[in-house]
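Here is a short briefing to read alongside the sequence and the structure. Keep the viewer open as you go through the points.

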Amino acid sequence: MLDYAGKVGPFAPASLRVHPLTHLERDLEGQVFLLTHIQLRDQWSDVCKGVGTMQFYLYKPTGLGGAGQEEQVLRWEISLFDLNQNAVFFDPATQTYRFSLGDLPLWVQQMAPGGDQSATGPGRFRIIARLTTPTPDGGQAVLADELVLDR
């Protein structure tokens, strides 16, 4: 097991993007998961890999008529310090990290292809991704982005 919790080089992640490839997907058994694509870029805006702790938050809109009020309904946390596990998450074809997030609420599952499109529910949600990563100077940086998904 390669574990990397030390200093990082000059090509450390400087920004994080929840890539538009992010979507709901249904597997052959009918289970729904949120396939979240995360792209990291270094200080020169080149795609890079990174180490740290990845957190995801799923928010449900609660305000009437899209008033902007939300409630956090789920949270996931994934360590990217184990380099072997880190490599499993990275997809060379898309140059993104791919995370399959499960245990989704029913109203989110119904939004996936093949779901009950007449079902009630907000019909959209917001996913926030946050990476806490070491910086070249020995500190830590928190990189974050979000994406709204709807039917």
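How many bridges pair S5 and S9, and in which sense do they run? S5 and S9 are joined by seven bridges, in the antiparallel sense. Please keep in mind that this is a predicted model. The notes below start with the whole chain, move to the sheet and the core, and end with some individual residues.

**The chain as a whole**

- The protein chain contains two helices and ten strands.
- The C-alpha trace spans about 50 × 35 × 25 Å along its principal axes.
- The chain has 151 residues, and 44% of them count as buried.
- Its accessible surface comes to about 8,200 Å², and carbon and sulfur atoms account for 50% of that area.
- If you take the contacts between residues at least 6 apart in sequence, 61% of them join residues at least 24 apart.

**The four-stranded sheet**

- An open sheet is built from four strands in the order S6-S5-S9-S10, with antiparallel pairing.
- S6 and S10 are the edge strands, and each has a single partner, so one side of each is left without a neighbour in the sheet.
- On average, neighbouring strands of this sheet are turned by 15° against each other, with direction ignored.
- In general, the strands of a sheet pair through backbone hydrogen bonds, in either a parallel or an antiparallel way.
- S9 (residues 124-134) and S10 (residues 140-150) run antiparallel and are joined by eleven bridges.
- Across that pair, Ile128 stands opposite Glu146 in S10.
- The hairpin of S9 and S10 has five residues between its strands, and Gly138 in this hairpin takes a positive phi near 95°.

**The nonpolar core**

- The largest nonpolar core has 31 residues, and Ile38, Met54, Phe56 and Phe99 have the most contacts inside it.
- At least two residues of this core come from each of these elements: S1 (15-18), S3 (32-41), S5 (53-61), S6 (70-79), S8 (96-101), helix H2 (106-109), S9 and S10.
- As a general rule, nonpolar side chains tend to be buried together in soluble globular proteins.
- Which residues does Ile38 touch, not counting those up to four places away in sequence? They are Leu16, Arg17, Val18, Met54, Phe56, Thr96, Tyr97, Phe99 and Ala129.

**Arg126, a charged residue in strand S9**

- Is Arg126 buried or exposed? Arg126 lies in strand S9, and it counts as buried because its relative accessibility is 15%, below the 20% cut-off.
- The side chain of Arg126 makes a polar contact with the side chain of Glu70, at 2.2 Å.
- Apart from neighbours within four places in sequence, Arg126 is in contact with Tyr57, Leu58, Tyr59, Glu70, Glu146, Leu147 and Val148.

**Phe90 and Gln95**

- Phe90 belongs to strand S7 and counts as buried, at 12% relative accessibility.
- Leaving out residues up to four places away in sequence, Phe90 touches Cys48, Lys49, Gln95, Thr96 and Tyr97.
- Phe90 and Leu101 are eleven residues apart along the chain, and their C-alpha atoms are separated by 15 Å.
- Gln95, one of the residues touched by Phe90, sits in the loop between S7 (90-91) and S8.
- Gln95 is not a glycine, although it has a positive phi of about 60°.
- With a relative accessible area of 34%, Gln95 is partly exposed.

- Ser45 is found in the loop between S3 and S4 (47-48), and its phi is near 70°, a positive value in a residue other than glycine.
- Ser45 counts as partly exposed, at 47% relative accessibility.
- Leu64 is in the loop between S5 and S6. Why does Leu64 count as exposed? Its relative accessibility is 80%, and exposed means over 50%.
- Leu64 and Leu24 are 40 residues apart in sequence, with 25 Å between their C-alpha atoms.

Conventions. Residues numbered from 1 in each chain as written. Heavy atoms only, no water. Pairing = 2+ DSSP bridges. Core = buried A, V, L, I, M, F, W, Y, C linked by side-chain atoms within 4.5 Å. Buried < 20%, exposed > 50% of the residue type's maximum accessible area, 1.4 Å probe, protein only. Contact = heavy atoms within 4.5 Å. Axes fitted to C-alpha atoms, helices over the stretch in contact; angles between N-to-C directions. Polar contact = N/O pair within 3.5 Å; in protein donor to acceptor, adjacent residues only side chain to side chain. Areas by Shrake-Rupley, 256 points an atom, 1.4 Å probe, with all protein chains shown as cover.
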